Each structure stands twice: as C-alpha cells, then as structure tokens.
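This briefing concerns the structure shown below.

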Number of protein chains: 2
Amino acid sequence: MLHAVIMAGGSGTRFWPASRRGRPKQFLTLGGGAPLLRLTYERIEPLVGAERVRVVTSRATANATRELLPELPAANVLAEPAARDTAACVGWASRTIVEADPNAVCVVLPADHVIGEEGRLREILAAGARHVAETGGLLTFGVRPTRPETGYGYLKLGPVQRRIGGLAVHVLERFVEKPDAATARDYVVSDRYLWNSGIFAWKATDLLEEIRRQLPLLADGLETMAADPTAADRVYPSLPRTSVDYGIMEGARQVWTIPVDFPWSDVGSWPALAEILPADGRGNVLQGRVLCRDGAGNVAISEGPAVATLGIDGLVVVATPDAVLVVPADRAQEVKELVAAMEELGWKDVL
Amino acid sequence: MLHAVIMAGGSGTRFWPASRRGRPKQFLTLGGGAPLLRLTYERIEPLVGAERVRVVTSRATANATRELLPELPAANVLAEPAARDTAACVGWASRTIVEADPNAVCVVLPADHVIGEEGRLREILAAGARHVAETGGLLTFGVRPTRPETGYGYLKLGPVQRRIGGLAVHVLERFVEKPDAATARDYVVSDRYLWNSGIFAWKATDLLEEIRRQLPLLADGLETMAADPTAADRVYPSLPRTSVDYGIMEGARQVWTIPVDFPWSDVGSWPALAEILPADGRGNVLQGRVLCRDGAGNVAISEGPAVATLGIDGLVVVATPDAVLVVPADRAQEVKELVAAMEELGWKDVL
C-alpha cells in the first residue's frame, strides 16, 4: 500500500514574528488560505487516505498538529521526544509503517512547502511510488531552477533509466552542495541540475536497509522503539543527528530522480513569499492591512496592526499584535540571528 | 499681573501612529517622562500660578486637557468650537484675560515644544514680560540656529533697543519665510537670524489693539463673545483663519525680539526626536522595547510591541499595539500624506 509521511518537525525562526516556538512555520497561513501543514495534508490525502498519512512532529506541537488534522488517527501523529533531524524522522516513520504494512511504499513530504497544481503533484508522486515499488532504490524529486538560487542544494542528473507515466526517471549522478552565485547561474541554463525538493519516495524496507547499512546506531534505536514503544523517550534523544540527504541519500546504493513540473517553493524566508503570492505593480507583496506608498520590492505583512510605509524599497516589514520586524529583503536569512539576540535580551514572551 | 497662555489646539498627524485624532502631539510623552502639554504647564506654573494659566484647545481634547492639568480652574481651559489657527487662539485668550485683569501681561507658549533649562526659561520670560509691560509692543523669542533648518521661519534681528535682566532686546527687522538650504546655511553662520520659537509676550491690550487694527473681523468676534460667552459656538467658527505670525506679528507696529539660550525644539516630526533624546553609539534613537541590530541613524520607537530591526539605516520605525509606521527619516514630513491616504482607505479606527 501507499503511505505518506509528512515531516513537520520544523522549529524554524526565519518567519519570526509570525512564527514562534509553539507555532513554527508549518502552522502559518502564508497566503494560502490555510496553514501550510493543513494544505500539505489535503494535497496528499486523496492519494493515500487519512489512515495512511503519518505526521512526524515535535512534542511541543503534537497537540496543535492533531487539532489541525482531526481526520488523522491520533496514533498517526508521531511526536518526537527530541529533535534529531530528518534521518531519524523518516526512519521512525518508516519503521512504524512497516510494522503495520511490511510492503509499504512511502512518499515523504515536508510540511512547510508550497506546491501548486495538486493533481499533477499526485500523478507524479503516484508514478514515483510505482517506480520504487517495482525497482527498489530511493527516489528524489527535482525541480527545474527558475533563478540562480544559492540557498538550495542541487541534484545532478545522470542518464534516463526508464519512463513511467510520461515521466523520465533518471539515475541521480550526485547531490550538489549549495553553489556560489556564478555556479548557480550555470545551473539555471544547464538542464542537468535540479533543485532538491525534499520530497522522496521509497519502499519502507529499502529505506530501513539503507539506514541499517549507513547508520547502524539509528537502525538499532528504531528496532528498540519498535519492540517497546515506551522506550522512545529514552532512545530517541540519543539517535544520530543527521539529515536524510547527508545521512542516507548521498551514500545510498541506488538513487533515482524524477524531474517535476509542478510549481514549488520551500518558502525559506519572508522574501520567498514573492514566489508564491501576487505582487502589486511595483513588486510589493502585501498581505493584511498594509499600505505601501511610493515604494517597490517590499514584502509587507500584517497579522493585525495597520501597517503604513512610505518611500521604502526592498524591505521586509512584518507586524503582529505584539511584535514587529524590519529587515532588508537581502538580509532576511539573518532573522535567525535577530531571534537569538532577542533571546539574550530575555524577550521570551515574543519568541 | 503676569498670565500664561498655552496654545494646545494642535491636531497634527506628523506623529502618527503615536498621535491620533483624539490624542494629538501635546498628549504624547516624547521621551520626557510626561506628556508635552503637562511639561509645558509645569514649566510655566511657577512663574504665574495655576489660576493665571489658560490653555486653548479643541473641543475634542478639552476633557483630556482638564484631566491632564487638574490644578487648573476648569474655566481656564478654553475649548475652541472650531480650529481657526493661532491668531484667533491668542485673541480669544487675551480678550478673556483682559476681562479679569485689564492690565494683564501675557506670555504665550505652544503646548508641544520641548524646552530645557526651565529656570532659565522662566527668567527670560519674566524679563520679556517686564519689557513689554514697560514699553508696549509685541515680543518674540528667537533661538540661535544650530543647523541649516529649512523647516522653520526665521527672525531677522535689528539693532539692540535695550538690555533687561542681562538680555538684549532687539528691534525685529523682519520675519523671514522658510529659507532654501543654501540660505539656511548662511543663517547658521550669521548672528542676525534666529529661529522663530513661537513663544511670545505682550500686554493683552496691546495684542487686542493690533487685532483691532489688522483683523477687525476677529476683533468684532472677540467682543461679541466677551459680551455673551454663549455666542462662541456661533461666532468662533466664522473668525478669520490666520496665524499669529502672518496675521498679527508681521504687520504689527512694534515688534521686539529677545535672543534666548535655553535648549529648544519644536519636535516637528519623528526624526526631530534625535534633537531631544540620547542616541546610541551609531546614532540610533531608541525608545521602548526596541532592538536595532547592525543599523545606524534610525529612530525606532515602540509603545508596546517588541520591535526588532536588522541592517536598516536612516529609517523611522514606530509601533503601537494597533499600528506601525516605516518611513525614511528624510521623508518623515510626508507622514501627513500617508495619514490622508489611510483616511481614503477608511482606516478610521487607527487615525
């Protein structure tokens, strides 16, 4: 059977002040009419059914997750006792699914991305799942670059192995680290480099075999927890901390890539909203009660207060009832450091 | 006897979002520990006594004014039925004072300026009042320019007429309109041009005589209201609308100027706070819960929300619980237009 794993462990601070400790990015409604996690669930549910959707999240957000997804059986929300990055996350979910369905095929999606053309997404995921069910190996989905993005990892395509459902399945030649600007410009014009979407498909047993081979301590921990679910509190915090990309995919024996053509954004920081939301005639992305007079290229968002700007360009301005952020768009990645500075100041109530 | 008139009719919008329709600038605590109007009262009260302080304000703010100045006899708060600019304001106050004290000498001060060295202020006002009591004429106080300000009117000094209390009393040669930047630079190095502080002294009967000569319709209206106080509602809205500078001082037969040396600011817009509040090592004026990281020359003020900025320079950022302003310091004068735009949008609740 086909199962879905939604990775919702994020606790990012790049969307402060909208995101907070108890309300990470996947709970934000970034222009889509519903929180990103809810939209992710609604995208995948028609493909697999609610009983076969698992969400891995943190203890702190487990209740909020269940409230947001009331259709899910409560046990399908896996609450990590500690954050151990995505290798442990997908390992735990896969081991749990195998317990119920030894032949399970999983599609794995981050909870906090924005994806358009849902029907197309499901077609592609279904085709990818069919491929790994038939062939084995681990599958990544790659997005054609539309700009010289230096903030993403890339997938370098190898030869086409087969076609399925009208899609090319490539051998993955290699994972490529975040490039410099010149290299990223080369990648845009090349047709061999794709953005790593963070969306995967595999047979659960194939993933667990790769974990056993590459991360034996993780495999041991997963078996301990499978034998005794009450052991999670003790075991999980000591699992190796690594990502699925670094810890599993890069060293895996067989990795496939399917280039995809649905609109995709990981919405990595405030300025990325320009990728998914309409802008006014001067390139301003405005949401909520915002007046942006005589300015261009701004992202101005309000979750309540009236925001009025005049004569500013290229700024991110975000207002909530208790906090306000102002930062140039090209430094929005540094909001993390700003949050750290506020933590030092003891501003806990707004973090 | 010496009386004081505080002009508190302002309804300015240049301090939005801190100032609102029902809470104009004189009610703001711009770093001074108490609202500007309260500080103005406390500055002048030791010189004249509470019973001889009159405050002219709008109907909308009369109650708030009485609450802020509970020491004042209620009748000393004159509530204008309509805004008719400062000539009507000082005329009404002077006519009211003459009714009680035909020999009254008045010092007149705006409610929303910031003045340092209060003892020195009172010495200077007392000397100025003595001069006009002895000599007649209308007296202005002039502030030595410390920068090439193009936003103020200037006073061009004529010869010294006399000395009183160690102060020079000049004949005023003429009022000078707001200069261009080059002219303003000349004025800073000259010793003959002073900023028009908006502070005056005169015998009430001398002022009323000038009004009778130059603004007979205003004089008639004041007499009608003096004869029948209930006529104010009908008469006041039809009084000529002009300022004390244009309507009375410029055409007056005898005008004196005393150069003053107390610290003075009319705090005309947000960036002017830099004149009256301490800045950090990078020239940022910060008030309230504000973090300004890696930025210079900003004015960042919070009346509640946590405000965090990163990498911005020369901006004004002001946050209240229901509204946020972001504007470059050199365009802060245009906040008026921004407020007008919000009015068009129907954002009445935050205006």
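Which residues have the most contacts inside the largest nonpolar core? In this predicted model, they are Ile6(A), Cys106(A), Ala201(A), Ile6(B), Cys106(B) and Ala201(B). The core itself has 222 residues.

- In soluble globular proteins, nonpolar side chains tend to be buried together.

**Helix H4 of chain A**
- Helix H4 of chain A covers residues 118-135, and its end C-alpha atoms are 25 Å apart. This agrees with the 26 Å that its 18 residues should span at 1.5 Å a residue.
- The buried residues of H4(A) are Leu121(A), Ile124(A), Leu125(A), Gly128(A), Ala129(A), His131(A) and Val132(A). They lie on the same side of H4(A), because they cover an arc of only 160° around the axis.
- Gly119(A) and Glu134(A), on the other side of H4(A), are exposed.
- Following H4(A) is Gly136(A), which has a positive phi near 80°.

**Domains of chain A**
- Chain A is divided into domain 1, residues 2-265, and domain 2, residues 270-350.
- The C-alpha centres of domain 1 of chain A and domain 2 of chain A are 29 Å apart.
- Ten residues of domain 1 of chain A are in contact with 17 residues of domain 2 of chain A. On the side of domain 1 of chain A that touches domain 2 of chain A, six residues are nonpolar, three polar and one charged.

Technical notes. Residues numbered from 1 in each chain as written. Chains lettered and ligands numbered in written order. Predicted model: local features only at pLDDT ≥ 70, side-chain atom pairs only at ≥ 80, totals over all residues. Core = buried A, V, L, I, M, F, W, Y, C linked by C-beta atoms within 7 Å. Buried ≥ 20, exposed ≤ 12 C-beta atoms within 10 Å, placed from the backbone. Helix = DSSP H or I, 4+ residues; strand = E, 2+ residues; numbered from the N terminus. Expected span 1.5 Å × (residues − 1). Arc of directions from axis to C-beta. Domains from an automatic or database assignment. Contact = placed C-beta atoms within 7 Å. Nonpolar A, V, L, I, M, F, W, Y, C, P; charged D, E, K, R; others polar.
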